[in-house]
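Q: I would like to learn how to read a model by its features. Can we take them one by one?
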Amino acid sequence: MSARKALVLVDVQNDFLPGGSLAVPEGDRIVPVLNQYVDLFHRAGLPIYATRDWHPEQTRHFKAYGGVWPPHCVQGTRGAEFHPDLKLPPETIIISKGMDPNEDSYSGFQGRTAEGRPFAEELKARGIEHLYVGGVATDYCVRHTVLDARREGFQVTVLEDAIRGVDLTPGDSERALREMVEAGATLAQWEDVARELTAHAETSP
Ligand code: VGL
Ligand code: ZN
């Protein structure tokens, strides 16, 4: 029997995309690809999660308070909104993270649902065993989310054509991908995933 699947979109927010305060180069190029994945999972009746960085104005995560980043994804600002071209179905479950002013919270697994349920608990309560992960940034939030997912025992497929990195140091994204694979994640592209989900739908009762 195949494991119950879910799509996880990591931090597809204005501040992480071109024009934003912490823009991932070419980050907007993945938005149409993410929309295809959203459509695929939605049609298959599978859950879709969208994580978001959701910081207070003052947090040790920001340069001004001892961190390394310029202000970004401050709660309630335009920069914290999902990219306007991202087509999220109304059933999408939002996972917010980074609210604690003393924590960076790069991982979606440090996040919670609107009801305050930790992400891992939420997934386990729904019987989800296999996560398909896309979004930004490959070398920060995608990396931390994928590594935590493996630690929590989930199967993980990284959507190689639907991620982009910051590369503060050249090669960071490549290294992050290698690390994710070493932790047991699988890399896949659109054709692989479309085939997997279609095959799954055909063999389901
Ligand atoms: C992120 C830097 C700072 C991310 C969040 O979502 O990858 N990166 N905060
Ligand atoms: Zn952040």
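Q: Which residues coordinate the zinc ion (ligand 2)?
A: This is a predicted model. For a metal, list the donor atoms, then their distances. Here the zinc ion (ligand 2) is held by D53 through OD, and by H55, H61 and H72, each through NE2. The distances run from 2.0 to 2.2 Å.

Q: What spacing do the donors of the zinc ion (ligand 2) follow along the chain?
A: Read the donors in sequence order. The pattern is D-x1-H-x5-H-x10-H.

Q: Are D53 and H61 buried or exposed?
A: Buried means under 20%. D53 has 2%, so D53 counts as buried. H61 is buried because its relative accessible area is also 2%.

Q: How should I read salt bridges, and how many salt bridges does the count come to?
A: Side chains of opposite charge can pair when their charged atoms come close. In this model the count comes to eleven salt bridges.

Q: Where do K97 and D53 sit in the chain?
A: Start with the contact. The side chains of K97 and D53 form a salt bridge, 2.8 Å from N to O. K97 belongs to strand β3 (residues 93-97) and D53 to strand β2 (residues 48-53). They are 44 residues apart, so the pair links distant parts of the chain. Both residues are buried. D53 is also a zinc donor, through OD.

Q: What parts does the pair of E152 and K124 tie together?
A: Again, take the distance, then the location. The E152 and K124 side chains meet in a salt bridge at 3.0 Å, N to O. E152 lies in the loop between α3 (138-151) and β5 (155-164), while K124 lies in helix α2 (residues 119-125), so the bridge ties together parts 28 residues apart in sequence. E152 is partly exposed at 35% relative accessible area. K124 is partly exposed too, at 45%.

Q: How far apart are the closest N and O atoms of E122 and R117?
A: The closest N and O atoms are 3.7 Å apart, and the pair forms a salt bridge. Now compare burial. E122 has 7% relative accessibility and counts as buried. R117, at 37%, is partly exposed.

Q: What surrounds ligand 1?
A: The residues around ligand 1 include D11, F16, L22, W69, Y106 and C141. The zinc donors D53, H61 and H72 are also among those surrounding ligand 1. A polar side-chain atom of D11 lies 2.6 Å from a ligand 1 oxygen. H61 places a polar side-chain atom 3.1 Å from a nitrogen of ligand 1. For H72, the distance to a nitrogen of ligand 1 is 3.1 Å. Taken alone, ligand 1 exposes 260 Å², and the protein buries 99% of that.

Q: Which residues in α1 are buried?
A: An α-helix has 3.6 residues a turn, so residues three or four places apart point the same way. Helix α1 (residues 31-43) has 13 residues. Its span from first to last C-alpha is 18 Å, close to the 18 Å expected at 1.5 Å a residue. The buried residues in α1 are V31, V33, L34, N35, Y37, V38, L40 and F41.

Q: What follows α1?
A: Check the backbone angles after a helix. α1 is followed by G45, whose phi is positive, near 75°.

Methods. Residues numbered from 1 in each chain as written. Chains lettered and ligands numbered in written order. Predicted model: local features only at pLDDT ≥ 70, side-chain atom pairs only at ≥ 80, totals over all residues. Heavy atoms only, no water. Donors = N, O, S within 2.8 Å, 3.2 Å for Na, K, Ca; no water. Buried < 20%, exposed > 50% of the residue type's maximum accessible area, 1.4 Å probe, protein only. Salt bridge = Lys/Arg side-chain N within 4 Å of Asp/Glu carboxyl O. Helix = DSSP H or I, 4+ residues; strand = E, 2+ residues; numbered from the N terminus. Near = heavy atom within 4 Å. Polar contact = N/O pair within 3.5 Å; in protein donor to acceptor, adjacent residues only side chain to side chain. Areas by Shrake-Rupley, 256 points an atom, 1.4 Å probe, with all protein chains shown as cover. Expected span 1.5 Å × (residues − 1).
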